[in-house]
Amino acid sequence: MRRLCDPADARRMLNPGPVAIVTTSWRGITNAAPIAWTAPLSINPPLVGIVVHPQRHTSEMIRFSDGFAINIPGPRLLKQTAFLGTQSGVNNNKLESSGLQLFNPMMIDAPLIEGCLAWIECTLSDVVRTGDHSLFVGNVVKVQADDEAYAQQWLLREREFSPLTFIGGTRYAVIGDPLDAVVEVDVNGGLVLETVEERERREEETAQEAEEAKLEGDEGLTQKKRAEAQEHRSVF
């Protein structure tokens, strides 16, 4: 069944992507805010984009400082990430209140957050108004990553070292269960939906599941017979 959704649902459907805690610094003031709308924009030059409402404190901080950092957290920083998204940085040092530890960036002024899985330092390249939000285009100048989390792609070997994603409201998830796509075509160029190896593996798994179900059924039947026999003995 297909259900008609509100056009505003498009933003939720295009998530989840890695949550970005965007840090900024200007005139000795630091700020941090989780941003769900991020995207790579160019390979050469390396450009990334983050989308922020123009009335947010983060928007002003980026414009004033001409730079920002993207910190990508894992599940260990779930509560801190959610906390940063519920507080304003106008009259409050959110980073200090969150208890997060910081370390120095390599090329910009915005601090980086310890315990994250990756860090992207950007100078501000452009600002594009897109409806009721602004797209901040960042020129990537330095990138670092935890080697247990990332090596030219997210490794996803352990939940602890997998990126957080934002689903909506107070709900987050963790990226996981990587799948390798093996694509084969037939003589006519059509997609082969199941390779020989995949079919054999599926048939083996199906047979194993059937055998396990049979054993569980036999064991359950045996236990039932034992219970009935015990009940019969107790009657007489």
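## Glu-121 and its strand

Which strand holds Glu-121? In this predicted model, Glu-121 sits in strand β8, which spans residues 118-130.

Glu-121 is buried but forms no salt bridge. Lys-142 has the nearest side chain of opposite charge, and that is 7.9 Å away.

## What Glu-121 touches

Two backbone nitrogens face the side chain of Glu-121. That of Met-106 lies 2.8 Å from one of its polar atoms. The backbone nitrogen of Ile-108 is reached at 3.3 Å.

Beyond its neighbours within four places in sequence, Glu-121 has contacts that include Phe-68, Ala-69, Pro-105, Leu-112, Asn-139 and Gln-144. Lys-142 is also among them.

## Ile-108 in its loop

Ile-108 belongs to the loop between β6 (102-103) and β7 (112-113). Its relative accessibility is 11%, so Ile-108 counts as buried.

Leaving aside neighbours within four places in sequence, Ile-108 is in contact with Phe-68, Ala-69, Glu-121, Cys-122, Thr-123 and Val-141. Ser-25 is 83 residues from Ile-108 in sequence, yet their C-alpha atoms are 9.0 Å apart.

## Two nonpolar cores

In soluble globular proteins, nonpolar side chains tend to be buried together. The largest nonpolar core here has 16 residues. Phe-68 and Cys-122 are among those with the most contacts inside it, as are Val-22, Ile-50, Ile-62, Ile-70 and Phe-136. Elements giving two or more residues to this core are β1 (20-26), β4 (47-52), β5 (67-72), β8 and β9 (133-145). Strand β8 gives the most, with four residues.

Notes: Residues numbered from 1 in each chain as written. Predicted model: local features only at pLDDT ≥ 70, side-chain atom pairs only at ≥ 80, totals over all residues. Heavy atoms only, no water. Buried < 20%, exposed > 50% of the residue type's maximum accessible area, 1.4 Å probe, protein only. Lys, Arg positive; Asp, Glu negative; His and termini not counted. Salt bridge = Lys/Arg side-chain N within 4 Å of Asp/Glu carboxyl O. Polar contact = N/O pair within 3.5 Å; in protein donor to acceptor, adjacent residues only side chain to side chain. Contact = heavy atoms within 4.5 Å. Core = buried A, V, L, I, M, F, W, Y, C linked by side-chain atoms within 4.5 Å.
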